[in-house]
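Here are a few exercises to work through with the model open beside you. Try each task before you read its solution.

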Amino acid sequence: MIAHLPALQVVIPLISAPLCALLPAGRPAWLAAMAASWLAFLIAALLLYQVLAHGPISYLMGGWPIPWGIEYRVDALNAYMLLIVAAIGAAVASFGRTIVEQRLSLPLNKHPWFYTAYLLCLTGLLGITVTGDAFNVFVFLEISALSSYVLISVGRDRRALVAAYQYLIMGTVGATFILIGIGLLYVMTGTLNMGDLAARLPAVSGTRTVRAAFAFLTVGTAIKLALFPLHLWLPNAYAYAPSPVTAFLAATATKVAIYVMLRFFFTVFGVKFSFETMQLDKILLPLSLVGIASASLVAIFQTNVKRMLAYSSVAQIGYMMLGVSLVSVTGLTASISHLFNHALMKGTLFMALGCVSYRVGATRLERMAGVGRSMPWTMGAFVIGGLSLIGVPLTAGFVSKWYLIVGALEKGWWPVAALVLATSLLAVIYIGRVVEVAYFKPAPEGQRVEEAPLALLVPTWALALANLYFGLETSLNVGVARLAAQGLLGATP
Amino acid sequence: MIDGLNPALILVCGSLLALLAPQGRSRNLFMLALPVLGALQLWSLPYGEHARVEAFGLTLTTLRLDGLSFAFALVFHIAALLAVIYAWGLRDPVQQVAGLLYPGAAVGAVLAGDLVTLFLCWELAAVSSVFLIWARRTRRAYRAGLRYLLAQVASGLLLLAGVIIRFRATGSIAFGGLGLDSPGGGLIFVAFGIKAAFPLLHNWLQDAYPEATVTGAVVLSAFTTKMAVYALARGFAGTESLVAIGTLMAMFPIFYAVIENDLRRVLAYSMNNQLGFMVVGVGIGTPLALDGAVAHAFADILFKALLFMSMGAVLLRAGTVNGSELGGLYKSMPLTAGLCMVGAASISAFPLFSAFATKSLILEAAAREGHWIPFLFLLFASAGVFHHAGIKIPYFAFFAHDSGIRCEEAPRHMLVAMGLAAALCVGIGVFPGALYAILPYPVAFDPYTATHVITQLQLLAWSALAFALLVRTGVYPPELRSVNLDFDWFYRKPLLAAAAGAWGAALRAWEGFNRLLEGSVERLIAALALHHGQRGIMAATWPTTRMVLWAVLLLGACLIFYYL
């Protein structure tokens, strides 16, 4: 059983997905989705434990040896990513059933299909992370992407359809680019296994084909991870999707895309080729800096809080890519731990917003007037998530910003460190606007808002407290991230 | 008490636990117990470094006790205790929690043995204290609080930046003598300077404190600035430039304080002035001067709290603290008036009152080290204090012409708090030895020499005489136009008049610069809104083709870049 954990990680949600569709609407389908998510979380935790105790795991699908079969390979980096995805999946799935279904534009008898789509998306994200086969990455990428288009399009706002459509076009373009890149690599090396690719690429690395593959993979992953200026699909998709979907996608989908980028450029192409020959960091650095500044500024002017947080996500992705472009252990540690911490903070914020929209019916700023008093627990969680987003000490967000600044200073990049600090002040402003309206504006006449039900508050607060816990006890989020960073840079201790 | 327990934790954790106690007497008693327990714990700890914590891959010394930190931590506990008593009738959980959390953070900061712990407490103090301003729940207070928070967070960021640079250069985060020349020293110095309200970095203080609640102003007056004085004394003792900065600090608020109408703002200006004395003491840096700075901080917390408490009581009962609207309140609030005058006498350094015993240490140190120019300026500043704090505050609030306001005497709990503070002020003045005993260095100084007493009395008597004559002859208008008197007074001292004129010009230039800055900031925001606003190009929803175009463009750019 233990030996088959890598396969079970993907297989369990995959089998549960059609199962959900067959179950009657209402509680049974929801319970099945929740059980599958929690099982996936348990497996991810066990896998991480095994990797930390015994080193990387290699699992051959169906026992086929490597050049022919698909290998699942789990090291510190993917075990860490699996834990992030599965943990957020479990938290979102625990979000109360009635609330989730209230936010859908589906008739009641179609609700099980929502859970099917959700589990398929989870399958896809876990699959991308766990597999060691380049083509398999593409397959799972499509599974997660197609299901996420469905998840977004069922939002109650009609603009969700257009947003999902635009995401579909951009996502497909991105996936196609990735496929072209993988195809070119296959032509040049004759293998799809990442380990083999890494071994055979140096021999052909001078060719134009490999360089073209590199370019296609750069842009393809950049679209999927919403690097500025390819982020344009993201704000609307996040803003108009149902709140639980936003919480799930914001905390996991772009993170997994970042993982794909790290995996290809550090493991498959190798640090030397990617950053010395191709100088990828020269492209990533300016784009991430402009993205951080621009998206933070846009967030300040937004009046829809969900859209505001979506833009803030673009800025946060900029921080992660900034860490990557430092090409140092500290920078990568900052990036990888920010994957974790950002999942926590954005999960908290979007779930708290889900509570607000459940009670108030909207997430426009002016409709949130006075909810600080009528929904103290919800807004309390929002404030914790917001503080973490700003990077206030004792929260998870501080930890990754700290390493990012230290990483920038190690390189002697003063202006970059200053920019990171200055953009934190921009986050103070846009989070502060929400806090001001929620706590200091009187509620409109005649509006009676109650605190969100416990079924919503428990998962929201679980994530909020995790923000505080991982701000103090950093052995998991930073310790493992550092291991993963050392692994990527080939400086395995 | 418990070995190695940080007293700050008692206040910080206790302030949150207090929410569990039912509102009313039981919560009040619980809150009263916290500073008492904290002080007992502090008293029981031996000097040395106690608690070490591993965090962020660093070893933090969260509890370091020596003579310097002990004096500050002790007076912080006393101030927190006075504030709890003063706020006995308060039923606002926000102020109750902030009123203990913030002192807890300040205690944590003075007990911090390393710069990272200091930074954490520094930020906690900033964040927790702003609620004392916001708790007034007016639009004006909210905005003032936000400006206050920005200044405090800026200080924190500078400190953090300085600490990182220092850590990278030296590998040490120890909080001892830093010096301006050390790596990151300049940034840390400015960070401390913002909180200590150095000239030109001081505006947050006058801006925010008068907007705080009745209790809030009392609590705020005690901690942030003194925490900064402590940090300066620890990190930058003997830094020559502090003497000049401190002298300037002691001088410039006088000009503002005399023309200010809001009496709590007058007190805020006089804080700058008193802080100036302490900063000079730190700048001189001899044992006597440092003792003076610590002792004066100790005394200042008490008499400034007393003055803020009395003005708070006036605000509570009369509904305003504007000098022009008050007057004749002694008929309604005789006890408050009396206690306020004790505070006024203390801040003016009357013999037998606290500042007499503490300020003279700093003046004596300045004289012994031959800092004659600062010495003379400080002497002048002492006279200025008497003018704006010693006379103006009680005179306009309680005497002057009768405004006709008839209100109740201050509530009993406020009188008790003010009475305790007044007793401490007089106690320090009469028995300075008790305070001298807890100072970091042994003190061999007696303030009550004949020369010293007579000099001080002359200074005060002539000031008072001038004041009395002017009021008698009607030159001193009892209301807002008191501005004139102060400038008259300066005109009779041509040198000072020139200084004041130059200062005024500098001020106008500064204001002009500010206006220019404001204008350009507004234009900047408008320009940003054009592109990043709701309908700006950066925020708009784009057609799908345009998105794909970007992807293709970037692909082309990458291909070219990689092929080259």
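**Exercise 1. Find what share of chain A counts as buried, and describe its fold in outline.**

Solution. In this predicted model, 62% of the 493 residues of chain A count as buried. Next, list the secondary structure: chain A has 21 helices and two strands. Finally, turn to the contacts in chain A with a separation of 6 or more: 79% of them link residues 24 or more positions apart.

**Exercise 2. Work out how α13(A) and α14(A) are arranged relative to each other.**

Solution. Two packed helices are described by the angle between their axes and the distance between the axes. Start with those two values: the axes of α13(A) and α14(A) (residues 305-325) come within 8 Å and cross at roughly 155°. Angles over 145 degrees count as roughly antiparallel, and therefore α13(A) and α14(A) are roughly antiparallel to each other. The crossing is left-handed. Now look at who makes the contact: α13(A) contributes residues including Leu284(A), Ser288(A), Ile292(A) and Ala295(A), while α14(A) contributes, among them, Tyr311(A), Ala315(A), Gly318(A) and Leu322(A). By type, the residues of this contact divide into 15 nonpolar, six polar and one charged.

**Exercise 3. Describe the side of chain A that touches chain B.**

Solution. First, count: 34 residues of chain A are in contact with 28 residues of chain B. Then assign them to elements: α7, α9, α13, α18 and α19 of chain A each give two or more residues to this side. The most come from α9(A), with nine residues. Sorted by type, the side of chain A that touches chain B has 26 nonpolar, six polar and two charged residues.

**Exercise 4. Decide whether Arg137(B) is buried or exposed, and say where it is found.**

Solution. Locate it first: Arg137(B) is in the loop between α5 and α6 of chain B. Its phi is positive, near 60°. Arg137(B) counts as exposed because it has 12 C-beta neighbours inside 10 Å.

Terms used
Residues numbered from 1 in each chain as written. Chains lettered and ligands numbered in written order. Predicted model: local features only at pLDDT ≥ 70, side-chain atom pairs only at ≥ 80, totals over all residues. Contact = placed C-beta atoms within 7 Å. Helix = DSSP H or I, 4+ residues; strand = E, 2+ residues; numbered from the N terminus. Nonpolar A, V, L, I, M, F, W, Y, C, P; charged D, E, K, R; others polar. Axes fitted to C-alpha atoms, helices over the stretch in contact; angles between N-to-C directions. Parallel < 35°, antiparallel > 145°, perpendicular 65-115°, else oblique. Left-handed = near helix turned anticlockwise from the far one by under 90°. Buried ≥ 20, exposed ≤ 12 C-beta atoms within 10 Å, placed from the backbone.
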